[in-house]
Structure formats: structure tokens, C-alpha cells
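This report describes selected features of one structure. Please consult the sequence and the model shown here before reading on.

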Amino acid sequence: MTNQQIAKIFREIAQILSVKDENPFRIRAYEKAAQNIENLTQDLKELAKTGKLTSIPGIGQDLALKIKEILETGTLKYYEELKKSTPPGLLKILEIPSVGPKTAKLLYEKLNIDSIEKLEEFAKSGKLYGLPGIREKTIENILKGIELIKKGKERMPLYKALEIASSFIDYLKSFSIVKKISEAGSVRRRKDTIKDIDILVVTSDPLKVSEEFVNFKKVKEILAKGTTKSSVLTDEDIQVDLRVVDPECFGSALMYFTGSKAFNIKFRQLALKSGYKVNEYGVFKGEKRVCGATEEEIFDFFGMEYILPELREDQGEIELALNKSLPKVISFEDVKGDLHVHSKYSDGGYTIREIADFCRKLGFEYVAICDHSQSLKVAGGVSIENLLKKIEEVKKINSEYKDFKVLCGAEVDILNDGSLDYPQEILEKLDLVIAAIHTGFKQSKSQLTQRIIKACKNKYVDIIAHPTGRLWGQREGYEIDLEEIIKVCLQTQTALEINCFPQRLDLNDINAKKAVESGVLLSLGTDAHILDQIHFLELGVSVARRAWATKENVINCWSWEKIKEWRQKRIKS
DNA sequence: GCCGTTTTCGGCCCGACTGTTTTCAGTCG
């Protein structure tokens, strides 16, 4: 049983309890526990062994026992009993937008509706009409919700959300009445997947802005429209929420709508303890408004350091901010170069010189050109003969730059037996070696893990690329024992990549945080095949920030000389 | 079900919008 699986059980228990109209605080306790487990960087099995389960926030005696039971028996009696009392389809019904626990319970008790199909049938035949609180509009909304479910309203990857958010923001910015505008929500926190998009504006004319917002060409349907809050559905069925606030509330509103929910709850509780109420309109002492125009002002008011949006997940950042001991996480400006770019030597679209000039203009100090290795024929794997030519070309280019360095690297395949796709004497000639798995995804967990571990133990390997192999919309990551790999990386001083390619973002935030906490180095690589993709570095920086990584943890923030020392030390040992 | 510089019992973040009511419950974030 993995952390994620256990979290899922708790989440499902919360849902079942909500349909049963149980104590809402008990329900939230399960939700909170599930959330904290999802974000946990330690393994529950380890915590259980050492009796430290209750050190997880939101896990008390009772839930600790339940976790132990799941770990020991593979299931939970309480959960199995609950499931028996609730038809599985009822939980599906809860996923329909506009249908919450109260409605689901009502539908089940009055009409025995226990599946989405049945609900749709009843809604269409008019049998819902007349139930307490249900008239035309409600039925219409239920049917719309069912349509959305059928289309599969799943979370979208971050890059997609950023794209949509900026199209709305650019559009709204074109109106002079929009004085201030910002993204909020999980987009601003740069979560790797996003459910819907939140935008916040300050304006002299709220009604007009709401009007223009719902009239945007990408809007397919208006879900809600008020003076301070409107919601629409785009032509791609993505929900975008607009909030209109007064300038003196901008900070408190931005903070509130940025979340996360858990962060907000913790922050408000903290404020209450010191006698203040915090809502989206500001910080209040009784009726008196104390502050709220900027986020900085609010954090400052409570004697806290500013907490970056990427850190706001109630993972201990609030306590650290109070102690003024937040880690100084990296920012884009700290990054001195991209360590994973493909050139025309393999399957990239540009020459090394073009890439170098592009990166130099971006203000970078170096770039590592890491083309595929010889056996990866589908991606134009570079033969040894061509690799030697590439080394010469890089030398020549470097001789022409004073302020920029091209690293001649390779993304070398980890072969089935864990050996590398170039011989040692060739690897020795390179400036940077990234090792990666591109074949045999279906192998067992231990096989894949051993392949990567063997690669880590090769002294020439600097970085493991896209360690878990996940590819958005195509496949989950292949099964590896990341804890084991992290242990080995710490010994061998091998870095793990945060692959910045939008569909990858691999390592993800949680895994990257595990690496940081264990003292394993991270490397940012865009895997760019064309120049524009080098901008993906910003996505990788977001992941690193969410992993609480500092400049010391990310080798891209080092000078080339320091990277060289790091790898020489390993090679000589 | 969790948790404790008001507490081991009695709290638990807070407000907007909708659709149904005729003052409010449900849903959402």
C-alpha cells in the first residue's frame, strides 16, 4: 500500500460520510488526513515502524491505528463496512458539478437513484421535479453537469492552464477600467495539474468588467455572474472564475483566492488566536479593518516572512515563516543554464551554435547539449563517430565565446542490463552525462530500479533524466523504487533531473521534495528540441520551488566551474 | 476525528452565488 492509495481510502471515507450526512468536522478530518498524506514526502510504512504516524498533522490516535490496519492487512474493516452501506454509484454522483452530498442523499432516499445513468434517466423524464428544492433550473444544471462528466472533466496540465489564464488576462488587460489583474488559485501556486482557473481584478467598473469577461470569445457558457464573482466555461470546457475586488482588498483577496484551502484554514486559525479575523476583504480587529492592500503587508502584520505562492500548502511553511526561517528557494534569475537540450546531432531542430546564441541572449552562462545515444535510432541517436565530431565542434564554438560555455553532453540510454549506451572511454570525453531509460518500460519495479541504480554507480553519470518516466496523457510513470534510488544518489553524488518538458515535469514536486530533504541534488533540463522550448525552464523552476529547493540544491544555479568540481570529485573517487 | 499560550471538552475559516424559498439551504472555492 502506497501513501497515495491510503490517502484515497480516507478520501472515499470522507465522501461516504458526507452522503450519510455525518458530522462535517469528522468528514473534514478525513479529508485533511488524506491531503496531508498525499503531500507527505516520507513513507507511511517507515513512520508506522517507528511509531511516528501521529507526528503527521491531522493524524491522531484513531487514524494512526487505521493506517496501521491498512498497512498490515491491506484493507480497513471500517471502510469495507461503510462501502457495504453505500452503493458505489452514489459517490460517482457526487462528482457531478452542482450535486453535493445533500442532493445525492435526497435522490437516493426518495427515488433510490444510485448511478449517474439512473439520475440522467430520471432527470430527463421529469421525475425529479417537485422533490424538495428541485425545480426546472436544478434539473437543467444536473443534466449539464452529467454532460461535463461524460466529456471527462479531468485536471489539465499546468502549461495548458497557464496558456488559458494568460489569454484571459491579456484580453481583460486591454480594457482601461482594469486597474490591476492577477492569476490566483492553483495556477499561481504552480501545481502541476489544475482543475480550474482563477483570475482577480481591481477595477473602477465591476459590472462592465464582468460583462466583458463573460463576452470573451473563448467563453462557451456562463455559469454564474454577480458583481464580485463570475464563472464561465470555455470552449474547451474549462472553468474560469473571475473575482472583482476593491484596491484596498487586493492583497487579502489575492491571498485568499490563491489558497491552498489548507493554507487558508491554517492562516485564519492562527489569526483568530491572536484576535484577528481574516477574510478576502482584509484583516480585521472586530469591525476595524487593519490591513489587506498587499500580501506583503498582511504577512508582515502577523510578523511573518513573505510566503511564496508555490509554498502555500500547509506543509510547515507557516510555522517557518513565523520563525523567519523559510528556506530561500530558487527563482528563475538564479538559473545559469539549461542542462538538457537536443541539437541537430540527434532529433533537435537547431544547430549547437544557434542554441548557444539563443541561450546567451537569455542571459545564461552555459548550456549542455545532450543528444540521444547511439542505440536510440528512432530519435537520431548519435554514433560514436559523430559524437567525436560534436566534441570538436563544441571546442571550436567555445573558443569563440568569452562569456559563455557550451557543455558537450549526451543523454545516454540505460540499456536493459543497466550498462550505458557508450563505452567508458567515450563518456570520459564528455562535459556532462545524463542517463535515461527509454526502453523496457514494462519491466518489473525491481528490474527498472536496478537499471537506474547501476547507472548511478557509473562514475561518469552526472544526472538521471526524467527519473519516473511519466508522460502526461500517455502513461503513468514506470514503477521504480525512488526511495532506494535516492539513497544511492546520495552516495554516488548523482543528481536527479526535474525534466521541464510540460508533459513530463518529472520529477514532480513531491518526489523532488523527497530528493531535497534527503540531500540529493537536482538538475533542471528542458529536454528542448526547438529553441522556444528552452522557456520551459520556468516550469521546472516552479517544481523546484514547490520542492523547497535552494540554490545549493539545484546544480543549474552553480557556476560551470563548480559543476566541474562536483563531477571531477566523483570521477576521481 | 483532531487538537490545546482561553481548552482534555467543545470548538473546528469564511463568504458569494444560485435556486428555491419568502428567509434560507446547498454548493463551491
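## Surroundings of T193

Leaving aside neighbours within four places in sequence, T193 is in contact (heavy atoms within 4.5 Å) with R155, M156, L158 and W472. With R155 there is also a side-chain polar contact of 2.8 Å; within protein, a polar contact is a pair of N or O atoms within 3.5 Å, one able to donate a hydrogen and the other to accept it, and residues adjacent in sequence count only if both atoms are side-chain atoms.

T193 lies in strand 3, residues 193-194; strands are DSSP runs of E with at least two residues, helices are runs of H or I with at least four, and both are numbered from the N terminus. T193 counts as buried because its relative accessibility is 14%, where buried means under 20% relative accessible area (1.4 Å probe, protein chains only).

## Basis of the model

This is a predicted model, in which local features need pLDDT of at least 70 and side-chain atom pairs pLDDT 80 or more, while totals for chains, interfaces and linings use all residues. Residues are numbered from 1 along each chain as its sequence is written, chains are lettered from A and ligands numbered from 1 in the order in which they are written, and side-chain values use heavy atoms, without hydrogens and water.

## Surface near DNA strand B

Of the 49 residues around DNA strand B, those that come nearest include R135 and Y256; a residue is near if one of its heavy atoms lies within 4 Å. Elements that each supply at least two residues of this surface include helix 9 (136-151) and strand 5 (219-225).

A backbone N or O atom of G100 lies 2.7 Å from a phosphate oxygen of DNA strand B.

Notes:
Buried means under 20% relative accessible area, exposed over 50%, partly exposed in between (1.4 Å probe, protein chains only).
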